[in-house]
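Let's take a friendly walk through this structure, one piece at a time. Please have a look at it before reading on.

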Amino acid sequence: MDRSSDEFMLLLTKAQSSIYACIFSLHPDPVAASDLLQETNLTLCRKAEDFEKGTNFTAWATRIARYHVLNYRRKLKREKAIFEPDLFEELCVVQEQRSDELDRYLHALRDCLQHLPPAHRQLLQERYTSEGSVSALASQQGKTVSAISQLLYRIRQSLMDCIYRKVQEANL
Amino acid sequence: MSTANQKSARELIADLCDGLLQPEDRAKLTELLREDPLLQNEYLDQAMVDGLLRYELGIDRPTIPSQFFAPPRNNLIKLTLGTLVVALLVSLFLGGYSWFDKNRLVDIPVQLSNNSFERDLGISLTPISSGWYGDEAQSVVGDQGHLAPHGNRMLQFVRSLHQPSNECEIYQLIDLSAVTDTSRREPLFLEAKMVANVRANGEKTSYLIALELYTYSELSELDIVLAPDRLGKNVRVSSHKIAADSDPESWQEVKLVMPLPNDSRYGIVKISAHESGTGADGKYQEVFVDNVQIRMTNKEVF
């Protein structure tokens, strides 16, 4: 596919969230993940002609993203790599098994966000939109950092449960 | 996974996602993840949702290389809003100094990007660029005799491959801040109109085409990402729906007028197609829209 074609640009634009999430889950460092996303985008553009029209773009893009994370880890000192090599490889395998579904997950997430209780949606907004750190949120709400962190965990878990449910329903 | 480990593991995973994991806890988390494939899945669930939220809602949304793409979303929104502000200010200036003259007809076009769909939509799930966002839709030249009534191209709704649905909706953000004034006395109205046509895709299938306007006094990025009709606060809505007629060649006008609340700062225009009945064969490619226009007036013209 031509990298300058509207179709390619559209596919790449739509896949940004999923590629970022793929990178972040293998190397949960937001700064590095942003850099890796940019590098991945450049590679995807250079390799656009390799993409077979009609196949799953996000699966193709996240495969290339995993190569970038792997390459990045090679340059890191061992203590800076968040996961040990063997565990990293296991996570890559599990993640690759999910890659065909990533687009559905994103669609489902948007729908699931709408059904969150208002207080939970507000917390996500403060955490993710307003650059609110967990510590700042805890101080603001008079709770412990651990309590806010666990609440965010439960909200993300409920979102994931909702995503799985919706994807399953769509597959029926 | 034991209960004791589960609690500990969840705390550690939460710490990792929130940037709170201490170096001494990293080895413990690694050990727990190595032992337990279910926990690996749980970690990937958490990290994936965390990553999607970070990107979708904003804090880690990076710049896309400019040599390949348009500017990043934040800049584009600012650029678009800036352009709109300038355009509206120029309109006000050209309109003379009698803005507050009660007898004068105020008639200010509200600029929409790609309003007659002459350019490819490049539609996004989120307003990553100026223009339309939402479900899947495309700009087409014509289809089996359907020609665009304005310009060369028109909008065609598309059934999503990822999430097939009987509703297809697209949105565009509009900035009203330059022309709304909480101290003004005379009422203002927003008028919106477009033309639509449907070629029914089966005898038992029916369609509704809708044009809706939403105005807000406040609008966060989260609100923009979410569908506007699901928002509960600071929102006013007006809509007009038409049913598909039996003539596949005729274009129908869809139009609405809504009083513009003084505190309106932002608006969203929504265009949607709703399909019902049992005749749908999955193509859903027969709904067309063209020439969406919005204007601000001090008199109800329609």
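**Strands, helices and a buried aspartate**

Two bridges join strand β2 (residues 133-134) of chain B to β7(B), and the two run antiparallel. Strands pair if DSSP finds at least two bridges between them, and strands (E, at least two residues) and helices (H or I, at least four) are DSSP runs numbered from the N terminus. In this pairing, Tyr133(B) stands opposite Tyr171(B) of β7(B). Strand β7 of chain B spans residues 167-175, and eight of its nine residues are buried (under 20% relative accessible area, with exposed over 50% and partly exposed in between, using a 1.4 Å probe and protein chains only).

This is a predicted model, where local features need pLDDT of at least 70 and side-chain atom pairs count only at pLDDT 80 or more, while totals for chains, interfaces and linings use all residues. Residues are numbered from 1 along each chain as its sequence is written, chains are lettered from A and ligands numbered from 1 in the order in which they are written, and side-chain values use heavy atoms, leaving out hydrogens and water.

Now turn to the helices. Leu32(B), Leu33(B), Arg34(B) and Glu35(B) in α2(B) meet Pro37(B), Leu39(B), Gln40(B) and Tyr43(B) in α3(B), contact being heavy atoms within 4.5 Å.

Helix α3 of chain B also holds Asp50(B). Why does Asp50(B) count as buried? Because its relative accessibility is 0%. The side chain of Asp50(B) makes a polar contact with that of Tyr128(A) at 2.5 Å; such a contact is a pair of N or O atoms within 3.5 Å, and within protein one must be able to donate a hydrogen and the other to accept it, with residues adjacent in sequence counting only if both atoms are side-chain atoms.
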